[in-house]
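Subject: Structure for you to look at

Hello,

Here is the structure I said I would pass on. Please open it next to this message and follow along.

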Amino acid sequence: MADSAPETLSFDPMVALYDETRTFDAHCFRAALGELAARFPPGTYHKLLEPGIGTGRIALPLAEMGYDVTGVDISANMLSSLQKRRAQSAVASRIRCRRADVVRLPFADAAFDIAVAVHLFYFIRGWKRAADELLRVVRPDGPVILMHTGMGAEVPLLNQRYKTLCAEQGFDIPTLGVKSTRDVVAYYERAGCRVEWLRDRRQWTSRLRLDKALDYIAARAYSFTTFTPDAVHHAAVERLTAALEAEYGTLSTVVEVPNQVNFVVVLRG
C-alpha cells in the first residue's frame, strides 16, 4: 500500500477543516514565536522560508514580527486559502508564496537567512532530499527550525484506535515520511549539524470532546485517514463510535490532552 502513496502528501482535501483542527494555545504560541525572534531577530535573519506554508497560520504571525516570508506548498487549495488571508492582512507585502515541492525547491543556494518547517517531514516520502534542500537554500550560518505546534483538536488515543480498527480489516495505514522528528534530527546530526531542542517551556492542556474529535476523523480531516478505502474508513469510525459510547457512556465526555509548542534548532557545524 505504501507504494501507491504519492511522493509528497497534498492537503487539498483537508483545507476546509485545516485551521479549525490545528488550533493551539494563543499565549503559548505567541510566547514561543517571541523566543524564536529574540534568538534569531528579523533584522538579522530577514529572509525566512516556510516550506509547507499551508493557510499561513504560522507565516502571518512571522510576517507581523518583521520577517520577509516566502512559502511553498504543493496544495493549490491551501495556497488559495493563504492568498485570501494574505489579501486581508496588513503584512501582505511581507508574504510571498508559490506552488512547489520541498524536495525540489525553486531557489538558489543560500537564498534565505532562516527556514521554519512545521510538522513537515511526516508527509514526504523523500524527506531526506527535503532536509538537504532546506540546508541548501539557507545561508551557511543560518538555522533550520523544526517547529511543533501541538496536537490541535486531535486525541492521540482515538487516532491510534482508528488505525488499529483499520488494521483489523486488513488495511495498514501507510507511513509516508518520518515517524518522529527524531528521525530528522538524527539525519542532520549524521550530516555534521549541531542540534538544540527547545521544549517543555510553552505547555498547556487541551480539553476536547470525544464527539467532536470523532467528527473530525469521520470527515477525514487528518492525514492518517487519507489513504483509507471508504468501506474500511466508515466501518472503523462506526466501530470506534460504538466502543467509545460503551466505554464512556456519552460522547459528550471531555478528555484532556497535554500539548506544547517546541522547536528544534539545526545549525551547520
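This is a predicted model: local features need pLDDT of at least 70, side-chain atom pairs count only at pLDDT 80 or more; totals for chains, interfaces and linings use all residues.

Residues are numbered from 1 along each chain as its sequence is written, and side-chain values use heavy atoms, with hydrogens and water left out.

Helix packing

Helices (H or I, at least four residues) and strands (E, at least two) are DSSP runs, numbered from the N terminus. Axes are lines fitted to C-alpha atoms, for helices over the stretch in contact, and angles run from 0 to 180 degrees between N-to-C directions.

Start with helix α6 (residues 156-168) and helix α8 (residues 210-218), whose axes come within 10 Å and cross at roughly 45°. This makes α6 oblique to α8; angles under 35 degrees count as roughly parallel, over 145 as roughly antiparallel, 65 to 115 as roughly perpendicular, and the rest as oblique. On the α6 side, Leu 158, Asn 159 and Tyr 162 make the contact (heavy atoms within 4.5 Å), and on the α8 side Leu 210, Ala 213, Leu 214 and Ile 217 do. Of the residues in this contact of α6 with α8, six are nonpolar, one is polar and none is charged. In this scheme Ala, Val, Leu, Ile, Met, Phe, Trp, Tyr, Cys and Pro count as nonpolar, Asp, Glu, Lys and Arg as charged, and the others, Gly among them, as polar.

α8 also packs with α9, at an angle of about 170° and with the axes 10 Å apart. That makes α8 roughly antiparallel to α9. Leu 210, Leu 214, Ile 217 and Ala 218 of α8 meet His 233, Val 237, Leu 240, Thr 241, Leu 244 and Tyr 248 of α9. The residues of the contact of α8 with α9 come out as eight nonpolar, two polar and no charged.

Salt bridges

How many salt bridges does the structure hold? There are 17, where a salt bridge is a side-chain nitrogen of Lys or Arg within 4 Å of a carboxyl oxygen of Asp or Glu.

One of them joins Asp 19 and Arg 85, at 3.2 Å from N to O. Asp 19 is in helix α1 (residues 15-21) and Arg 85 in helix α4 (residues 76-87), so the pair links distant parts of the chain, 66 residues apart. Asp 19 counts as partly exposed, at 30% relative accessibility; buried means under 20% relative accessible area, exposed over 50%, and partly exposed in between (1.4 Å probe, protein chains only).

Arg 136 and Asp 109 form another salt bridge, with their closest N and O atoms 2.8 Å apart. Arg 136 counts as partly exposed at 25% relative accessibility, whereas Asp 109 counts as exposed at 55%.

Asp 230 bridges to Arg 220, with the closest N and O atoms 2.9 Å apart. Asp 230 lies in helix α9 (residues 230-248) and Arg 220 in the loop between α8 and α9, so the pair ties together parts ten residues apart in sequence.

Regards
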